[in-house]
Amino acid sequence: MTDIILHDIDPLLLDRVKRVAQARSWPLQEALMHLLEHGLFACEAELAARFTDSDAMALQAAIAALEHIPSDPGFSKIGRMERPSDVSVAPLESAGLTDVDRDLMAYAQKG
């Protein structure tokens, strides 16, 4: 295995590494390898979660297209319409439902 020498390590950082080694009863080298490996996983995951330039451009184009869709007055009233007087509905609390659950059930029954 290759040897790596670290110069000018911050004493606080070295103390933190030593505490991990002591808490896990590991030799210092094993603690360093573990921390390095897990730190790399975190950095690689962060890099993988970023958009590529083409993905970012596609997202910007999609957002721009959505901004040009005209307002639909009917859409904005979803969930805000008065319930017809001939419709009886059990109280939400007794059924353990929310308004959204009840609206979804009513929509499914119509379909």
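Mentor: Let's start with a term: a helix here is a DSSP run of H or I with at least four residues, and helices are numbered from the N terminus. Keep in mind that the model is predicted.

Trainee: Okay, how many helices and strands are there in the protein?

Mentor: There are five helices and zero strands. Going along the sequence, that gives the pattern α-α-α-α-α.

Trainee: And what share of the residues of the protein count as buried?

Mentor: A residue is called buried when its relative accessible area is under 20%. Of the 111 residues in this protein, 5% fall in that class. The protein exposes about 10500 Å², with carbon and sulfur atoms supplying 60% of that area.

Trainee: Now for pairs of helices. At what angle do the axes of α1 and α2 cross?

Mentor: Roughly 110°, and the two axes come within 9 Å. That angle makes α1 roughly perpendicular to α2. On the α1 side, the contact is made by Val17, Lys18, Val20, Ala21 and Arg24. On the α2 side, Leu28, Ala31, Leu32, His34 and Leu35 take part.

Trainee: Some of those are nonpolar. Which residues form a nonpolar patch on the surface?

Mentor: The patch consists of Ile4, Leu6, Ile9, Leu13, Leu14, Leu28 and Leu32, and together they have about 610 Å² of accessible area. Helices α1 and α2 (28-48) each supply at least two of its residues.

Trainee: Where is the place of Ile9?

Mentor: Ile9 sits in the segment before α1. Its relative accessibility is 34%, so Ile9 counts as partly exposed.

Trainee: Let's move to charges. Which residue forms a salt bridge with Asp15?

Mentor: The general idea is that side chains of opposite charge can pair when their charged atoms come close. In this model the partner of Asp15 is Arg19, and the closest N and O atoms of the pair are 3.6 Å apart. The cut-off is 4 Å, and by this rule the count comes to one salt bridge.

Trainee: Why are Arg19 and Asp15 separated by about one helical turn?

Mentor: Because they are four residues apart in helix α1 (residues 11-24).

Trainee: Is Arg19 in the pair exposed, partly exposed or buried?

Mentor: Arg19 is partly exposed, at 47% relative accessible area. Asp15 also counts as partly exposed, at 38%.

Conventions:
Residues numbered from 1 in each chain as written. Predicted model: local features only at pLDDT ≥ 70, side-chain atom pairs only at ≥ 80, totals over all residues. Heavy atoms only, no water. Salt bridge = Lys/Arg side-chain N within 4 Å of Asp/Glu carboxyl O. Buried < 20%, exposed > 50% of the residue type's maximum accessible area, 1.4 Å probe, protein only. Patch = residues over 30% accessible without salt bridge, like charges linked within 9 Å, V, L, I, M, F, W, Y side chains within 5 Å. Areas by Shrake-Rupley, 256 points an atom, 1.4 Å probe, with all protein chains shown as cover. Axes fitted to C-alpha atoms, helices over the stretch in contact; angles between N-to-C directions. Parallel < 35°, antiparallel > 145°, perpendicular 65-115°, else oblique. Contact = heavy atoms within 4.5 Å.
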